[in-house]
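I record what I looked up, in order.

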Amino acid sequence: MDLWQLLLTLAVAGSSDAFSGSEATPAILVRASQSLQRVHPGLETNSSGKPKFTKCRSPELETFSCHWTDGVHHGLQSPGSIQLFYIRRSTQEWTQEWKECPDYVSAGENSCYFNSSYTSIWIPYCIKLTSNGGTVDQKCFSVEEIVQPDPPIGLNWTLLNISLTGIHADIQVRWEPPPNADVQKGWIVLEYELQYKEVNETQWKMMDPVLSTSVPVYSLRLDKEYEVRVRSRQRNSEKYGEFSEVLYVTLPQMSPFACEEDFQFPWFLIIIFGIFGLTVILFLLIFSKQQRKEN
């Protein structure tokens, strides 16, 4: 129905132009544009070609960086002509002077990096992208709102125990915090989410977030191989960082003839009970013979 309305609106605009000899009125063109947006909601964004912020991220509450897309249409020149400016509120008033990005290189192409000298927590920032003197995108945030830690490192596992049935096993998974996160001094508090699955499965099983850097995983099948990964987030935040490298867990295989130490046949007890049984039998035989002689 919206498409028909669009065509009708354009037809009216064309007929108005034909009969009056003048251009289509702005109101008609506005309605046509609105109808077009209802038919294709993302058309304006996709065709604008203007630079847009894609994300701002702080890995450890001490630095942060912001990234944006290229502007390649509507007269925008090379990406180098795009500039980022920022202001921050140090007290109750916003700093009136917009300052340019301190580092366009360290965080990669189309980015701005703010080292610890330019990073303050609990203080709102506003940033904007400009091209040819005009603002093309703008956003505001606080550094603690954009924390997404780097992946945990050093994943490893140890076997806790094997069930009496020899079917399941429990393991303990351990890891180290992201190297750049100052968790020892408590500058940032991280909680971790462990996920695991069988190698051939596609669905990951998620465990409840923990503050420690180790967690037990129970009831894994001994005949399966597992993948384990861990990610972290700032405590009380909803944004997780990237996952760690996958840890592969191959559990020992149990067979009916397990290792001799675990299932050693009790020959010593058999011999003891055998000797005791033979002694009892001999005693009964001797006793019965003596009873017959006396009779």
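Entry 1. I looked up the strand order in this predicted model. Four strands form an open sheet, in the order β11-β10-β13-β14, and their pairing is antiparallel. I noted that β11 (205-206) and β14 are the edge strands, each pairing on one side only.

Entry 2. I then asked how many bridges join strand β10 to β13. I found nine between β10 (residues 190-198) and β13, and the two strands run antiparallel.

Entry 3. For Glu225, I found the bridge partner Thr250 in β14. For Tyr226, the bridge partner in β14 is Val249.

Entry 4. Nine of the 10 residues of β13 (residues 225-234) are buried, so the strand is largely enclosed by the rest of the structure. Buried here stands for under 20% relative accessible area.

Entry 5. Lastly, I examined the faces of the edge strand β14. In a regular strand the side chains alternate between the two faces of the sheet. I recorded Leu247 and Val249 on the covered face of β14, and Tyr248 and Thr250 on the uncovered one. Val249, on the covered face, is the residue that I had noted as the partner of Tyr226. Thr250, on the uncovered face, is the partner of Glu225.

Note on methods: Residues are numbered from 1 along each chain as its sequence is written. This is a predicted model: local features need pLDDT of at least 70, side-chain atom pairs count only at pLDDT 80 or more; totals for chains, interfaces and linings use all residues. Side-chain values use heavy atoms; hydrogens and water are left out. Buried means under 20% relative accessible area, exposed over 50%, partly exposed in between (1.4 Å probe, protein chains only). Two strands pair if DSSP finds at least two bridges between them.
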